[in-house]
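Keep the sequence and the coordinates at hand.

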Amino acid sequence: MNRRPTQLAALALTATAALTLSACGSDDDSPAKDKDTIAGADTGHEKSASPSVSASAAADRPKIELPSDVTYKFEWPKTGDEDKDAILSDSEQRIKAVDMAIAQQDPLHEAYRFYTEGTAAAGSEKFIQEFVDHKARTTGVTRFYDANVTVNKDGTAGLVYCEDQGKAYNKFLETGKTDVTPVSKNSYVIYAATLRKNKNGVWVTERLTSQRGSEKCQP
């Protein structure tokens, strides 16, 4: 599957732990629930342009610099709610920061750790390390859509969203070869994240689960 450590292992003909559920730093191998049943997830499907980064701007945020062949389509709602838009913006930066760490071959990159803590940070480090071990990075276009956000009374938040990896691939650094794989049901991934606003006003992801082949995310 695209952008997947197990795919890298197969192509490199090396042994590595099989990750049945992983993408963009998922910390948990347990399947995410359907987004209609995940606690803290809205069920609306309004779509519009991606929220502005200014919704959760901070002077000390890490600068995200990616290769020109790593691009995204964030079809996420602009809710008009300050906290929800900040959650979407910070989650977008987290996703990009993980790909930047992969591109720079740095499993401890400060950028993704700025936006993650706990098991989400540990899962991201493991995910990035597998790309480093196989001297590979991501390339292509990744689409994110059907985002649903809920802010809880205890100060945490829930975010559920879909990812389309149909046009995102693995690129090997030593050869420059891109592994173009066909689109299948496993190109579609559903995520469930738990976030918390830290003392700097950043919505950090503390827990992230994912499931490939989700019917909720397939066209």
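**Exercise 1.** Does glutamate 65 count as buried, partly exposed or exposed? Then find its salt-bridge partner.

Solution. The model is predicted. Glutamate 65 has 47% relative accessibility, so glutamate 65 counts as partly exposed. Its side chain meets that of lysine 63 in a salt bridge, at 3.4 Å from N to O. Lysine 63 has a relative accessible area of 64% and is therefore exposed.

**Exercise 2.** Which parts does the pair of lysine 171 and aspartate 69 tie together?

Solution. Start with the contact: the two side chains, lysine 171 and aspartate 69, form a salt bridge of 3.5 Å, N to O. Now place the residues. Lysine 171 sits in strand E3 (residues 156–172), and aspartate 69 in the loop between helix H1 (5–12) and strand E1 (70–75), so the pair links parts 102 residues apart in sequence. Next, check accessibility. Lysine 171 is partly exposed at 21%, and aspartate 69 is partly exposed at 23%.

**Exercise 3.** In which strands do glutamate 206 and arginine 196 lie?

Solution. Their side chains meet in a salt bridge at 2.7 Å, N to O. Glutamate 206 belongs to strand E6 (residues 203–212) and arginine 196 to strand E5 (residues 188–197), so the pair ties together parts 10 residues apart in sequence. Glutamate 206 is partly exposed at 25%. Arginine 196 is partly exposed at 26%.

**Exercise 4.** Which residues do salt bridges with shared partners join into one network?

Solution. The network consists of Asp69, Arg137 and Lys171. Finish with the total: the whole structure holds 10 salt bridges.

Definitions and conventions: Residues are numbered from 1 along each chain as its sequence is written. This is a predicted model: local features need pLDDT of at least 70, side-chain atom pairs count only at pLDDT 80 or more; totals for chains, interfaces and linings use all residues. Side-chain values use heavy atoms; hydrogens and water are left out. A salt bridge is a side-chain nitrogen of Lys or Arg within 4 Å of a carboxyl oxygen of Asp or Glu. Buried means under 20% relative accessible area, exposed over 50%, partly exposed in between (1.4 Å probe, protein chains only). Helices (H or I, at least four residues) and strands (E, at least two) are DSSP runs, numbered from the N terminus.
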